[in-house]
Amino acid sequence: MTVGNVELRAQLYPLRENWDLLKPFLNDKDVQKVLNEAMVEFCEQYPNAEKWIPGSAPWKYTTSDYWCNQIDEATQNDEKFQKEENELFEKLYGSDYDADDKDELWFEMWNTKEHCTLNNRYYDTYSPKEGTLEWYQFVHGCHWINKFTGALISKALNVEVNIWQTDTHTVATFSKNGIYYLADILNELTHLDSFDKLYDFMGEDIDYYPIFEDIA
């Protein structure tokens, strides 16, 4: 990879591996400013989205059922949840019922207030937690959330970070210690698991700009 007249090695920047290094800068005022502006921009473009309030969880703005599926799968695989669900079924219907009616009774139970309360409790248990990488994984929101990625890396590593945006995708880019990096907080959720795959996926530029003009 040639940047300017300098030949650099190229690779993905592993955000998860470096999260402990990045995490202390999550609440940096400049990083938060970039996040808030990006999410407000998203909400303005998609007026049906819930209004962005500083401190909100970016993952909740995911425009598909990705996180619902992840949380539901974790809940269903939880042995404690399974036990509580079975106990609730027994409480509601006892053991004196026609075996042929069992599936229908389970469906009926899923729509009860008691089951909704149980399910919501485990939904909260398995939802992404504030301060984690997952909290910021706004799936399908790369054009907005990777501005935050760029700001966070810029502050944590004290490097100039550029945002590379195309019609297809948006990533943060920077150079450090002779390596040219692409950084994407959503990368691990895709099959773009190498620099070459992600670079080829990007397509043609529509914008390329520094996330900060100067590093504070």
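This is a predicted model: local features need pLDDT of at least 70, side-chain atom pairs count only at pLDDT 80 or more; totals for chains, interfaces and linings use all residues.

Trainee: How is the packing of two helices described, and at what angle do α2 and α7 pack?

Mentor: Helices (H or I, at least four residues) and strands (E, at least two) are DSSP runs numbered from the N terminus. Axes are lines fitted to C-alpha atoms, for helices over the stretch in contact, and angles between N-to-C directions run from 0 to 180 degrees. Angles under 35 degrees count as roughly parallel, over 145 as roughly antiparallel, 65 to 115 as roughly perpendicular, and the rest as oblique. Here, the axes of α2 and α7 are 8 Å apart and the packing angle is about 175 degrees. The two helices are therefore roughly antiparallel.

Trainee: Which residues make the contact between α2 and α7?

Mentor: Contact means heavy atoms within 4.5 Å. From α2 come D30, V31, V34, L35, A38, E41, F42 and Q45, and from α7 come W144, I145, K147, F148, A151, L152 and K155. For classes, Ala, Val, Leu, Ile, Met, Phe, Trp, Tyr, Cys and Pro count as nonpolar, Asp, Glu, Lys and Arg as charged, and the others, Gly among them, as polar. This contact of α2 with α7 divides into ten nonpolar, one polar and four charged residues.

Trainee: What angles does α4 form with α5 and with α6?

Mentor: Helix α4 (residues 79-93) packs against helix α5 (residues 102-110) at about 105 degrees, with axes 11 Å apart, so these two are roughly perpendicular. In α4, E85, N86, L88, F89, L92 and Y93 meet K102, L105, W106, E108, M109 and W110 of α5. That contact has eight nonpolar, one polar and three charged residues. With helix α6 (residues 113-126), the axis of α4 crosses at roughly 170 degrees and comes within 11 Å, which means that α4 is roughly antiparallel to α6. Here K80, F81, E84, E85, L88 and L92 of α4 meet E114, H115, L118, N119, R121 and Y122 of α6. The contact of α4 with α6 has five nonpolar, two polar and five charged residues.

Trainee: What is a nonpolar core, and which residues touch the most other members of the largest one?

Mentor: A nonpolar core is a set of buried Ala, Val, Leu, Ile, Met, Phe, Trp, Tyr and Cys residues joined through side-chain atoms within 4.5 Å. Buried means under 20% relative accessible area, exposed over 50%, and partly exposed in between (1.4 Å probe, protein chains only). The largest core has 44 residues, of which Y13, F148, I153, F174 and I185 touch the most other members. Two or more residues come from each of α1 (19-22), α2 (29-45), α3 (66-76), α7, β5 and β6. The largest share, nine residues, is that of α7. Beyond its neighbours within four places in sequence, I153 is in contact with Y13, L22, N158, V159, V161, F174 and A183. A second, separate core of ten residues includes W164, V171, L198 and M202.

Trainee: How many disulfides does the structure hold?

Mentor: A disulfide is a pair of cysteine sulfur atoms within 2.5 Å. The structure holds zero disulfides. For C43, the nearest cysteine sulfur is that of C142, 16 Å away; C43 is buried, with a relative accessible area of 12%. The sulfur of C116 is 14 Å from the closest one, in C68, too far for a bond. C116 counts as partly exposed, at 37% relative accessibility.

Notes. Residues are numbered from 1 along each chain as its sequence is written. Side-chain values use heavy atoms; hydrogens and water are left out.
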